[in-house]
Amino acid sequence: MSLKSYHNYFCLLAILSCYNCNEKTVSEEDKKNSEALYVKGEQTLLQGSIESMQTLEKAITLDPNNCDAIRELSVAFLKRGMPHKWKPQFDKAVECNPKLWQPFRGYLHLSFYRDYRKAIADFDASDTLTPNFIDAPQGQSVDYWRGMAYLGLKDYKNSLDYFNTYITIETKEWGEDMVEVTAFLYRGIASLETQNYEMALKDFDKVLLYNRGYSADAKYYKALILKDSNPIEAKQLIESSIVDFNNGYYNQRDYVEILRQIYLEDLEILKHEFKEKLY
Amino acid sequence: MKAKRSLPIYFFLITVLVFGCNKSEKAETKYQERIGYINPETSRYSENFKLCNDGNLFGGYYSSYAPQVYKNDKIVFSKHIQKNYKNKNYTDNGFLNLRFHINCEGQVGNVEVNELDENLELTSLNQELVQQLIDLSMAKNNWNVFEFEGHKVDTYMYLIFKLESGNVLEILP
């Protein structure tokens, strides 16, 4: 065989290889088996175990377009605090199904890494990816998440705008009692930061209304606002806030501290101010 | 002569192309340990550090309980960092990621250090900055020791410091 023949043979193989790698035609049987492996890797096996990871890898080998399996491979890295391993894997899921996973990546950038700008970029991208549809990663509208991301950036105008949009749409479609109650809390905080105390108090009262009167956060922020103008009510509020906190009625979640999370120490400091000033 | 010399190169490239696609074989060997495992031989502060329960960590490497690992609440840890960390004209942007074990006596060891840029990719940060944050994080009184069935247990924990111009903007989880 001449060098030219070898060269042609090599080129043909290279083309075929690339075709096999990237343009694999997946049979219905492989898709079905891939889905079964994904379900096993995600639900039956211990998340992050060798067996689970290998099972998910096999699911992807059978069907390279099994975007759920691609995404599932990233979850263990996220939950174990390994950002440099999480990111490239999750990016593959975004590449595989951007409509579903790009807004979700925004939620993760926001909640697990407090990267507000990257989060907003992903939420904004969802407007183009799914026009006339409001995505809801982790069960909340991208407008809700953008309100929170802009709050993290201390861009209170945009934060208020997005929380207003979210609350208005939810109220119109489902009723105010179906609005995620922390939207009122965070909109109240944004109003507080812009010294719009009247609006802030209204939102904190909404939090208390829909939480049946229990919310350490709402009472704490109300006490902050009222401490000079109505110290007697403010003192009662902070004492009640501490009771609520100790009973577990405060804004928190597993895995990671939430934005603007309050702690008992915050409440005790404010209570101490009342003692010192002898209200 | 020229053709003969080129043959091994062609066959090598063909082999790489053909077997490079065989992802299932790669999957079998890709994961040697569960995700999150910290190898004491490659991590820092492993010498003289011992886990009390043969490496059986309370909750494994799962981190749903992470916010409870800070002693006296995370706000105390955050204030400790902000009060004692000094930005000595550092210019770093990105993240410092520490992963470590806390043994049943509350000692910190087996520290894996990942220095990341703003895109969460590995990079090199100012080493003095890194050492400051490691030293402040490793203090024994930062961390809770959990009990399970009457016995003190070992725990896994991680930290992410978000850095901008050498300042600590956020601490997670």
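**Entry 1: chain B, order of elements**

I read chain B along its sequence and noted the pattern α-α-α-β-β-α-β-β-β-β, that is, four helices and six strands. I keep in mind that this is a predicted model. I then looked up burial and found that 28% of the 173 residues in chain B are buried. Among the contacts in chain B with a separation of 6 or more, 73% are between residues 24 or more positions apart.

**Entry 2: strand β1 of chain B**

Which strands does β1(B) pair with? I found that β1(B) pairs with strand β5 (residues 155–164) of chain B in the antiparallel sense over nine bridges, and here N97(B) stands opposite I160(B). I also found seven bridges joining β1(B) to strand β2 (residues 108–116) of chain B, again antiparallel, with H101(B) opposite G109(B) of β2(B). These two strands, β1(B) and β2(B), form a hairpin with five residues between them, and in the turn G106(B) has a positive phi of about 85°.

**Entry 3: helices α8 and α9 of chain A**

In chain A I looked at how helix α8 (residues 142–152) packs with helix α9 (residues 156–174), and noted an angle of about 160° with the axes 7 Å apart. Angles over 145 degrees count as roughly antiparallel, so α8(A) is roughly antiparallel to α9(A), and the crossing of the two is left-handed. On the α8(A) side the contact includes Y144(A), R146(A) and Y150(A), which meet residues of α9(A) including Y162(A), F163(A) and Y166(A).

**Entry 4: helices α12 and α13 of chain A**

I then took helix α12 (residues 216–226) and helix α13 (residues 231–246) of chain A, which pack at an angle of about 160° with their axes 8 Å apart. That angle makes α12(A) roughly antiparallel to α13(A), and α12(A) passes α13(A) in a left-handed crossing. Among the residues making the contact I noted K219(A), Y220(A) and L226(A) of α12(A), and L237(A), I238(A) and F245(A) of α13(A). By class, I recorded eight nonpolar, two polar and four charged residues in the contact of α12(A) with α13(A).

Definitions and conventions
Residues are numbered from 1 along each chain as its sequence is written. Chains are lettered from A and ligands numbered from 1 in the order in which they are written. This is a predicted model: local features need pLDDT of at least 70, side-chain atom pairs count only at pLDDT 80 or more; totals for chains, interfaces and linings use all residues. Axes are lines fitted to C-alpha atoms, for helices over the stretch in contact, and angles run from 0 to 180 degrees between N-to-C directions. Angles under 35 degrees count as roughly parallel, over 145 as roughly antiparallel, 65 to 115 as roughly perpendicular and the rest as oblique. A crossing is left-handed if the near helix is turned anticlockwise from the far one by less than a right angle, and right-handed if clockwise. Two residues are in contact if their C-beta atoms, placed from the backbone, lie within 7 Å. A residue is buried if 20 or more other C-beta atoms lie within 10 Å of its own, exposed if 12 or fewer, and partly exposed in between; C-beta atoms are placed from the backbone. Ala, Val, Leu, Ile, Met, Phe, Trp, Tyr, Cys and Pro count as nonpolar, Asp, Glu, Lys and Arg as charged, and the others, Gly among them, as polar. Two strands pair if DSSP finds at least two bridges between them.
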